[in-house]
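Please keep the sequence and the model in view while reading.

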Amino acid sequence: MTQLALFQKRINEEIPLSRALGIRLISWDGHALLLSAPLDQNRNHQGTGFGGSVYSAAVTAAWGLTELALADLGLRGAVVVQSGNIDYLEPVDRDFYVICRLPAGEIPAKFRKSLARHGKGRLDLTAEVFCGVPTAEPQNQPVAVFEGRFVVKDAHSRVTL
């Protein structure tokens, strides 16, 4: 199984809401995580995306990026969202996808140093929500933008057997 397939299995098992929302991990290139979700499972009474579902997908993208970035560093840790805010700019009227990118395309040096010295760190992330077919290079404007702070505690080397 690929790293992404293993992580999909993990989030489905550890975060049952991700399965209920139909969240599918599309790609992770070491800089950005792309995931999708169907409108049908996430619609509200008006036939558009339910705000809580859109928020949950965005949080999942940012949390997932943090987890995958840690794994790329050879680390594991307890990752939690400390704070988050979302702006809904347009209705979600189709299947949607979320892109979360590392700041400036890389794991920030301050975050790396904090993990190395203290076994903990904070990462501020932005996740953008788009409608339509998932792509890493959207041509349209986001319909929602999530900004959140993620905290990693108890970071340590992953043991592989």
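The model is predicted. Its protein chain contains four helices and six strands, and these elements follow one another along the sequence in the pattern α-α-β-β-α-β-β-α-β-β. The radius of gyration is 15 Å, close to the 15 Å that the globule rule gives for 161 residues, so the chain is as compact as a globular protein of that length. Along its principal axes, the C-alpha trace spans about 50 × 30 × 25 Å.

Of the 161 residues, 45% count as buried. The chain carries 17 positive and 16 negative charges, whose mean positions lie 9 Å apart.

What, then, makes up the largest nonpolar core? In soluble globular proteins, nonpolar side chains tend to be buried together. Here the largest such core has 44 residues, and those with the most contacts inside it are Trp 28, Leu 65, Val 98, Val 129, Phe 146 and Phe 150. Helix α3, which covers residues 51-72, gives the most to this core, with eleven residues. Another core lies apart from it and has five residues, among them Leu 34, Tyr 97, Ile 99 and Phe 130.

Leaving aside residues up to four places away in sequence, Phe 150 touches Val 59, Ala 62, Trp 63 and Thr 66, among others. Its contacts also include Val 79, Val 80, Val 81 and Gln 82, as well as Gly 121, Arg 122, Leu 123 and Leu 125.

Ala 104 has a positive phi of about 55° although it is not a glycine. This residue, Ala 104, is placed in the loop between β4 (96-101) and α4 (109-118). With a relative accessible area of 83%, Ala 104 is exposed. Asp 154 likewise is not a glycine, yet has a positive phi of about 55°. The place of Asp 154, however, is within strand β6, residues 144-157. Is Asp 154 buried or exposed? Its relative accessibility is 60%, so Asp 154 counts as exposed, the cut-off being over 50%.

Notes: Residues numbered from 1 in each chain as written. Predicted model: local features only at pLDDT ≥ 70, side-chain atom pairs only at ≥ 80, totals over all residues. Heavy atoms only, no water. Helix = DSSP H or I, 4+ residues; strand = E, 2+ residues; numbered from the N terminus. Rg over C-alpha atoms; globule rule 2.2 N^0.38 Å. Buried < 20%, exposed > 50% of the residue type's maximum accessible area, 1.4 Å probe, protein only. Lys, Arg positive; Asp, Glu negative; His and termini not counted. Charge placed at Lys NZ, Arg CZ, Asp CG, Glu CD. Core = buried A, V, L, I, M, F, W, Y, C linked by side-chain atoms within 4.5 Å. Contact = heavy atoms within 4.5 Å.
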